[in-house]
Amino acid sequence: MEGTNGIQMAQAGQMAQAGQVGQIGQAGQAVQAAHEQPQEGAQQQRETVASDLTALLMGDRALQSQFDKRITKALETARIKWEQEKSMSAEELAQLHVQEREEALTQREQALLGRELRATALQRLGELGLPAALVESLSLVDEERLASSLDKVEKAFRASVDEAVKARMKGAAPKAHGGGMASLARMRAAAGLKA
């Protein structure tokens, strides 16, 4: 199966490099087929995507050129990997596949941890009555750094709010009307009430 994928990818690259505009969609389809197992229904979807891609590429030379470059680069990378794998022993190849799976698993675990820490941070910000936008200011590497950065952000935010409140509260004190009881008596007299 490895050899078939390499051949399909090489054929797609040759079509892309040859500039065969009408076959660019087929090149994209061949690359896609090299990475996926063909299935019923999925095959029909790939054909629709390929025809849409062909129409799009035929209308724009710059886009076609960029697509060709990306296909060529992907094919070259796949060809190099395929040649390396071809020269390896079965044991080395198995080791390589195990290593690749471990790396993929590590990346997924890191992504999951990042999502969990972000959710925890958003929850804690809500509990503290802080804006959710502050999550971008937090360290989402691990629980310890999250707690530390959350404390620092909370203190800074509260201090900033306190300063803003104090600045708004500054101003002239209300003017006192002189005389207290005398001014009250004048108001009553003006209103026609008994003093």
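These are my notebook entries on a predicted model, taken in the order I looked things up.

**Entry 1: confidence**

The average pLDDT for the protein is 77, and 73% of the residues score at least 70. Residues 1–5 keep a pLDDT under 50, and the model gives them six contacts beyond four places in sequence. Residues 16–25 also stay under 50, with 18 contacts beyond four places in sequence. I'm leaving both stretches out of the entries below.

**Entry 2: overall layout**

What is the secondary structure of the protein? Next I checked burial: of the 195 residues in the protein, 19% are buried. I also looked at contacts between residues at least 6 apart in sequence, and 45% of these join residues at least 24 apart.

**Entry 3: H3 against H4**

I picked one helix pair to look at up close. Two packed helices are described by the angle between their axes and the distance between the axes. For helix H3 (residues 42–59) and helix H4 (residues 61–86), the axes come within 5 Å and cross at roughly 120 degrees. Perpendicular stops at 115 degrees and antiparallel begins over 145, so I have H3 and H4 down as oblique to each other.

Which residues make the contact? On the H3 side I noted Leu53, Leu56, Leu57 and Gly59, and on the H4 side Arg61, Leu63, Gln64 and Phe67. Sorted by class, the contact has five nonpolar, two polar and one charged residues.

**Entry 4: H6**

I moved on to helix H6, which covers residues 143–169 and has 27 residues. From its first C-alpha to its last, H6 reaches 38 Å, close to the 39 Å expected at 1.5 Å a residue. Buried residues in H6 are Leu146, Ser149, Leu150 and Val153. What covers them includes helix H5 (90–128). Just after H6, I found glycine 171 with a positive phi of about 150 degrees.

**Entry 5: serine 149**

I went back to serine 149, which is found in helix H6. Is serine 149 buried or exposed? Its relative accessible area is 12%, and the cut-off for buried is under 20%, so I logged serine 149 as buried. What is serine 149 in contact with, leaving aside its neighbours within four places in sequence? I found Leu138 and Ser139.

Key:
Residues numbered from 1 in each chain as written. Predicted model: local features only at pLDDT ≥ 70, side-chain atom pairs only at ≥ 80, totals over all residues. Heavy atoms only, no water. Helix = DSSP H or I, 4+ residues; strand = E, 2+ residues; numbered from the N terminus. Expected span 1.5 Å × (residues − 1). Buried < 20%, exposed > 50% of the residue type's maximum accessible area, 1.4 Å probe, protein only. Contact = heavy atoms within 4.5 Å. Axes fitted to C-alpha atoms, helices over the stretch in contact; angles between N-to-C directions. Parallel < 35°, antiparallel > 145°, perpendicular 65-115°, else oblique. Nonpolar A, V, L, I, M, F, W, Y, C, P; charged D, E, K, R; others polar. pLDDT = per-residue confidence, 0-100.
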